[in-house]
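Subject: The structure you asked about

Hi there,

Here is the structure I promised to pass on. Have a look at it first, and then read my notes below.

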Amino acid sequence: MLTDSHCHLASHQFSKTELGEIVSRARDAGITRMITLATSLEDAEANLAIAETHPEVYACIGIHPCDVHETPDGYMAALEQHASHPRCVAIGETGLDYFHSAPNGWSDENYHQRQREFLDQHFLLAARLGKNIVIHTRDRSGDASLQDAIAIYRKHADQVRTVFHCWPNDMTAAEPILELGGLISFTGIATFKNATTVLDAAIQCPQGSFMVETDSPYLAPVPHRGKRNEPAFTRHTAEAIAEARGETLEQLAEHTEQTVNKFFGLDR
Ligand SMILES: [Zn+2]
């Protein structure tokens, strides 16, 4: 009934032998599809293997902004090969992360510049393959990574759509993304008592412009906050958002599933 539009099933926090149970717990909770995202070249193979094994699981292939310093300059050929796999439904996780400190030997400036170059290259790849793109942004304060990512998106918006995942902001900040044809998606943060801004954004966001996700193993929703997250818990986030919007869970699922189908090309 629902899709977890963003999880990391190849995370070392999920053991390989456990994945069958994780997928079946999700199914029992009504989470019938999961989109698992790669964050590096090695992770791409692991995620594709999971998507090959479990028909409920689709993969996205990309280099996370926090992995750009460990990825060689000539990475694109290998990335493109992985991204051309029939179970790959979008490019990602890519984006800009100005939150974490630059690694040893890097200045913030060089590190962020490499992230912006990678993001631009991911957009070109997405356009070549006719796929959409999943973007992460995070700032220590202010919203420079979000604004920089929107500026890069704007250059490619006639060819590629994006989802700005794990939306942490209010609805006003999302308007430029929606105007470009992009989406936002909500994690368990929408269930946190101190995150009324995010829940307000979920209330105001029009049907067709948002999806729900776990970002598991991180960010477990209430009532599992602080524990390891998993795709089954998408249901808690979806229920909280549906209730706040004055919709039934079925009504929310109906439009978010259509949004998922369209964005990831699952309706073809
Ligand atoms: Zn993620």
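What follows is a walk through the zinc site, the residues around it and a few backbone features.

Please keep in mind that this is a predicted model.

**The zinc site**

Let me begin with the metal. The zinc ion has four residues as its protein donors: His6 and His8, each through NE2, Glu93 through OE, and Asp215 through OD. These donors lie 2.1 to 2.5 Å from the zinc ion. The angles among the four donor atoms run from 85 to 177°, and the site is irregular. A tetrahedral site would need all angles between 85 and 135 degrees. If you like to read such sites from the sequence, the spacing of the donor residues is H-x1-H-x84-E-x121-D.

UniProt, in an unreviewed entry, lists His6, His8, Glu93 and Asp215 under "binding site". These residues span 210 residues in sequence, yet no two of their C-alpha atoms are more than 10.9 Å apart, so they gather at one spot. From this set, His8, Glu93 and Asp215 belong to the lining of the largest pocket.

**The donors one by one**

His6 sits in strand 1, which covers residues 2-7. With a relative accessible area of 1%, His6 is buried. Among the residues it touches, beyond those up to four places away in sequence, are Ile35, Leu37, Glu93, Val134, His165 and Asp215.

His8 is buried too, at 8% relative accessibility. The side chain of His8 makes a polar contact of 3.1 Å with the side chain of Glu93.

Glu93 belongs to strand 4 (residues 88-97). Its relative accessible area is 2%, so Glu93 counts as buried.

Asp215 is found in the loop between strand 8 and helix 8. Asp215 is buried at 10% relative accessibility. Its phi is positive, about 55°, although Asp215 is not a glycine.

His136 lies in strand 5 (residues 133-138) and is buried, with a relative accessible area of 12%. The side chains of His136 and Glu93 make a polar contact at 3.2 Å. Away from its sequence neighbours, His136 touches residues including His64, Pro65, Thr94, Asp97 and His165.

His165 is in the loop between strand 6 (162-164) and helix 6 (171-179). At 6% relative accessibility, His165 counts as buried. Its side chain makes a polar contact with the side chain of His6, at 3.3 Å. Leaving aside neighbours within four places in sequence, the contacts of His165 include Glu93, His136, Ser185, Glu213 and Asp215.

**Another histidine alongside**

His64 is placed in the loop between strand 3 (57-61) and helix 3 (76-83). At 11% relative accessibility, His64 is buried. Beyond four places in sequence, it is in contact with Thr39, Glu93, Asp97 and His136. A polar atom of the His64 side chain also lies 3.0 Å from the backbone nitrogen of Cys66.

Leu219 has a phi near 60°, a positive value in a residue other than glycine. Leu219 is partly exposed, with a relative accessible area of 29%.

Best wishes

Key: Residues numbered from 1 in each chain as written. Predicted model: local features only at pLDDT ≥ 70, side-chain atom pairs only at ≥ 80, totals over all residues. Heavy atoms only, no water. Donors = N, O, S within 2.8 Å, 3.2 Å for Na, K, Ca; no water. Tetrahedral: all angles 85-135°; square planar, octahedral: opposite > 155°, others 65-115°. Buried < 20%, exposed > 50% of the residue type's maximum accessible area, 1.4 Å probe, protein only. Helix = DSSP H or I, 4+ residues; strand = E, 2+ residues; numbered from the N terminus. Contact = heavy atoms within 4.5 Å. Polar contact = N/O pair within 3.5 Å; in protein donor to acceptor, adjacent residues only side chain to side chain. UniProt positions renumbered as here; feature names shortened; annotations may be inferred. 1 Å grid on protein atoms, 1.4 Å probe; cavity = no way out; pocket = protein on both sides within 12 Å on 5 of 7 lines; lining within 4 Å.
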